[in-house]
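Visitor: I have a structure here that I have not looked at before. Could you take me through it?

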Amino acid sequence: MTRQSGEQGFVISFNLVEVQKEMLVGHRQQLVSDKRPFRNDIFLTDARDTAFLKFSAGSTVKRLLIFCSHELAMQYLPQDIFEKLATFARENSTVENPLFINLSHRTMLKELFEIKENDPVSQIRRLSAIIHLIEKLLHSFLRQEQAVLPRTVKKNDLESMQHVEQILSSRLEGFPSLESLAHEVFMSTSKLKNLFKQVYGHTLYDYYNKSRLQRAKDLLITGQCSIKQAGSEIGFSNLSHFAKAFKKEFGILPRDLVKGR
């Protein structure tokens, strides 16, 4: 759907950013400098608001922006849910209260960004992925797992949890020690464990394990390596242990996934 100038609606922005020096976030007369190395979040704003991100040279940026008119949203959402979204979009500040990209968002965004232009059904796959992303976001919003968190957890603690999430999502060859993670964000191990579970809904190890198994699944689906290599890539030295963990997570054995490729 093409956005008309001045049309009422929502803008949803999914942001996966590796910041080189700093990122400037501007919204409603606020301008904030963010020097965190990673910024993985979601902005839900009113389309009539002025909001922007400015990145320093050398930053790696992956963004997905979705516009949904109020007219379209009202066709598919109950009135009370639409009003909650509209109120949140009007009152929420992206500078202070972004939503969070979790593991399911990250996985779907990765699949979306990797769709090839020469794929004959690329448009359908893109639309399907975007609808799925919005569905996940709405479920999180309605459960108030993410929409309320920025108001109940200190901003510095939220930023620390995002940093830990980035570590767990990228270092898949072995689980970092709890002590090293706590040292990374300058907090006690007990506070780290409790906060991470509150923000992301999983324990630290469960989140790490889901991330690395998803990585192995991606490798097998794309045919980049053998089952043994995929298991080794994410830290499994025992092939049967890898197969067992894989089936527990996805309901299918690695060999059956490869056969159906």
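Guide: What follows is a short talk about the fold, the sheet and the cores.

Visitor: What kind of model is it?
Guide: This is a predicted model, where local features need pLDDT of at least 70, side-chain atom pairs count only at pLDDT 80 or more, and totals for chains, interfaces and linings use all residues. Residues are numbered from 1 along each chain as its sequence is written, and side-chain values use heavy atoms, with hydrogens and water left out.

Visitor: How many helices and strands does the chain have?
Guide: There are twelve helices and seven strands. These are DSSP runs numbered from the N terminus, helices being H or I of at least four residues and strands E of at least two.

Visitor: Which strands form the open sheet?
Guide: The order is β6-β1-β4-β7, with antiparallel pairing. Two strands pair if DSSP finds at least two bridges between them. β6 (60–69) and β7 (99–100) each have a single partner strand, so one side of each has no neighbour in the sheet.

Visitor: And how many bridges between β1 and β4?
Guide: Nine, joining residues 9–18 of β1 with residues 38–46 of β4. Thr45 in β4, for instance, is the bridge partner of Val11.

Visitor: Which helix packs on the sheet?
Guide: Helix α6 (residues 155–170) does, touching β4 and β7, and its direction makes about 125° with that of β4. Contact means heavy atoms within 4.5 Å. Axes are lines fitted to C-alpha atoms, for helices over the stretch in contact, and angles run from 0 to 180 degrees between N-to-C directions.

Visitor: Now the inside. Which residues touch the most other members of the largest nonpolar core?
Guide: Phe10, Phe14 and Leu44, out of 26 residues. Such a core is a set of buried Ala, Val, Leu, Ile, Met, Phe, Trp, Tyr and Cys residues joined through side-chain atoms within 4.5 Å. Buried means under 20% relative accessible area, exposed over 50% and partly exposed in between, with a 1.4 Å probe and protein chains only.

Visitor: Where does the largest share of this core come from?
Guide: From α2, which gives six residues.

Visitor: What does Leu44 touch?
Guide: Leaving out residues up to four places away in sequence, its contacts include Phe10, Ile12, Leu85, Phe88 and Leu99.
Guide: There is also a second, separate core of 20 residues, with Leu103, Leu158, Ala182 and Tyr208 among them.

Visitor: How much of the chain is buried?
Guide: Of its 261 residues, 46% count as buried.
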